[in-house]
Amino acid sequence: MAEIVKVSGISMVLNGKEYVIPPLSLGALDQLKDRVGQFDKLPFAEQVTTTIDAAHAALKRNYPELTREDVGELVDVGNMMDVFQALMDVSGMQRRLREAEAAGEVPAAG
């Protein structure tokens, strides 16, 4: 039986399992706004902490059983920026582009 998610988002495989990463809720964004807003200027260690905190806040919307420690194991240096971009997909633009690309409607970048 497929897992039912409550909040749509971007599907990503993290540590061998597919997760749907929804955008951050406004409540979570309000709590993280200072760090998220300055993300590019933060030292790497703080980017890591911010990504884990934000990913946990978003993922628990669909997977309430996930702990912050679990999320820290799912996100790694290789997927950290993709996860962060998925979290910031407020307008759904990233999601629509991925869906269109998967349907063969948009040429893959790169």
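The questions below go from the overall fold to single side chains.

Student: What kind of model is this, and how are residues numbered?
Tutor: This is a predicted model, in which local features need pLDDT of at least 70, side-chain atom pairs count only at pLDDT 80 or more, and totals for chains, interfaces and linings use all residues. Side-chain values use heavy atoms, without hydrogens and water, and residues are numbered from 1 along each chain as its sequence is written.

Student: What is the average pLDDT of the protein chain, and which element has the lowest mean?
Tutor: pLDDT is the predictor's confidence in each residue, from 0 to 100. The protein chain averages 86, and 85% of the residues score at least 70. Where pLDDT is low, the predicted coordinates should not be read in detail. H3 has the highest mean among the elements, 97, and the lowest, 67, belongs to helix H5 (residues 93-102).

Student: In what order do the elements run from the N terminus?
Tutor: Elements are DSSP runs numbered from the N terminus: helices are H or I with at least four residues, strands are E with at least two. The protein chain has 5 helices and 2 strands. Their order is β-β-α-α-α-α-α.

Student: What share of the residues counts as buried?
Tutor: Buried means under 20% relative accessible area, exposed over 50%, and partly exposed in between (1.4 Å probe, protein chains only). The protein chain has 110 residues. The buried share is 38%.

Student: Which residues have the most contacts inside the largest nonpolar core?
Tutor: A nonpolar core is a set of buried Ala, Val, Leu, Ile, Met, Phe, Trp, Tyr and Cys residues joined through side-chain atoms within 4.5 Å. The largest one has 27 residues. Two or more residues each come from strand S1 (10-14), strand S2 (17-21), helix H1 (26-37), helix H2 (44-59), helix H3 (68-74) and helix H4 (80-87). The residues with the most contacts inside this core are Ile21, Val83 and Leu87.

Student: Why do the buried residues of H4 line one face of the helix?
Tutor: The buried residues are Met80, Val83, Phe84, Ala86 and Leu87. Their cover includes S1, S2, H1 and H2. The arc is taken from the directions from the helix axis to the C-beta atoms. The buried residues line one face because, seen down the axis of H4, they fall within an arc of 160°.

Student: Which residues does Leu87 touch, beyond those up to four places away in sequence?
Tutor: Contact means heavy atoms within 4.5 Å. With sequence neighbors up to four places away left out, Leu87 touches Ile21, Pro22, Pro23, Leu24, Thr51, Ala54, Ala55 and Ala58.

Student: Which residues are linked in a network of salt bridges?
Tutor: A salt bridge puts a side-chain nitrogen of Lys or Arg within 4 Å of a carboxyl oxygen of Asp or Glu. Asp53 meets Arg35 at 2.9 Å, N to O, so H2 and H1 are tied together by parts 18 residues apart in sequence. Arg68 also bridges to Asp53, with the closest N and O atoms 2.6 Å apart; Arg68 lies in H3, so this pair ties together parts 15 residues apart. The network links Arg35, Asp53 and Arg68.

Student: Is His56 buried or exposed?
Tutor: His56 sits in helix H2. Leaving out residues up to four places away, His56 touches Leu66, Thr67, Arg68 and Val71. Its relative accessibility is 17%, which counts as buried.

Student: What is the phi of Asn15?
Tutor: Most residues other than glycine have a negative phi, and most peptide bonds are trans. Asn15 lies in the loop between S1 and S2 and counts as exposed at 64% relative accessibility. Although not a glycine, Asn15 has a positive phi of about 55°.
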